[in-house]
Amino acid sequence: MSILITGGSGYIGSHTVVELLSNNEDIIIVDNFSNSNKVSLDRIKQITNKEFKFYNVDCTDEKELEKVFKENNIESIIHFAAYKAVGESVYEPLKYYINNINSTLNILNLMKKYDVKNFVFSSSATVYGNPHKFPITEDFPLSTTNPYGATKLMIEDILKDIAKVDKSFNVAILRYFNPVGAHISGLIGEDPNGIPNNLMPYISQVAVGNLEKLNVFGGDYDTHDGTGVRDYIHVVDLAIGHVKALEKLRTNCGLVIYNLGTGNGYSVLDMVKAFEDASAKKVNYQIVARREGDVPMCYADSTKANKELGWKAKFGLKEMCEDTWRWQSKNPNGYR
Ligand code: UFG
């Protein structure tokens, strides 16, 4: 029996594949490299010394995707493949709705047809909208502020509807906080197309000399130093969270929802400082206006994942920055 990983060549996907292969799982990756690079697949093999099956398929193409289900004996699916740029989703909402929703519907439809029962879904802390209380627990009210977030919330609702009527359907909704860091080998890591939207890849590209300076969006938030606070989580911790979620699904648990974060909130300037310490490089920055749609603060209560999955983030800020820097300095232009 195999585990199908959609988006397995991407940032979180590739790290999760490494953890699963290390656990001797049988892996099939589906990816169309729309926001990833095939070099990452060679690097996964280099790290693990293991093989896996690969299909270059767009999950919105149900016919092509069905071949993967036909040719393999799939036990579980981890669905990473999705568009994820918040800002772009505001300007191109249809692109996001069509891609993120259709790909998931196709997979769910094929799961039904081929009797596959276990599904792990990449959700996001974005479904908490602008949270009013911290830390955030899974029972907080849900809302969204952009089309990207709306696709995550819609898919959560679709999964809840299915789980309501199909008692044999096991689904883990994982709400990620802010993934950063890279595999300790420095062989795989985050490789955004063009200028990064997210903080950590931006900082690391300033440190490596690809970008001149960081724009810090807002210095007047009600936080300890005025800059935005987030719950940064090492991508390897996140990957291990998926391994644990899969184990949970195998106990026939039905629908479960977990926050995956560390519970610590760090500001933008905390991150700049920690990165400078880890890299021994100066990160030039300037404080500019707030970015539209940003919330002042966001950090998780991950007690539930700790209790029910036996999962807890083990890497701290230092490792997050050191591992990001190892990846960035060994691969100044990412996989290119
Ligand atoms: N920031 C800067 N300058 C930059 C980039 C970011 O100051 O160049 C700041 C932001 O204002 C924010 C913090 O750094 O305070 C983190 O920003 P990111 O863009 O890295 O992450 P977000 O918290 O905005 O978004 C992330 C994911 C989304 C997800 C969201 C949910 O990228 O996919 O978390 O919490 F929806």
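I take contact to mean heavy atoms within 4.5 Å. The model I examined is predicted: local features need pLDDT of at least 70, side-chain atom pairs count only at pLDDT 80 or more, and totals for chains, interfaces and linings use all residues. Residues are numbered from 1 along each chain as its sequence is written, and side-chain values use heavy atoms, with hydrogens and water left out.

Entry on Thr151. I located Thr151 in helix H6, residues 147-165; helices (H or I, at least four residues) and strands (E, at least two) are DSSP runs numbered from the N terminus. I found that, neighbours within four places in sequence aside, Thr151 is in contact with Tyr96, Tyr97, Asn100 and Ile101. Thr151 is buried, its relative accessible area being 0%; I use buried for under 20%, exposed for over 50% and partly exposed for values in between (1.4 Å probe, protein chains only).

Entry on Leu211. I placed Leu211 in the loop between helix H7 (199-207) and strand S8 (214-217). Leu211 counts as buried because its relative accessibility is 17%. Apart from neighbours within four places in sequence, I noted contacts of Leu211 with Pro196, Tyr202, Gln205 and Val206.

Entry on backbone geometry. I found a cis peptide bond between Phe134 and Pro135, with omega about -5 degrees; Pro135 belongs to the loop between strand S5 (118-124) and H6. I also looked up Asn24, a non-glycine residue with a positive phi of about 65 degrees, in the loop between helix H1 (11-22) and strand S2 (27-31). Asn24 counts as exposed at 63% relative accessibility.
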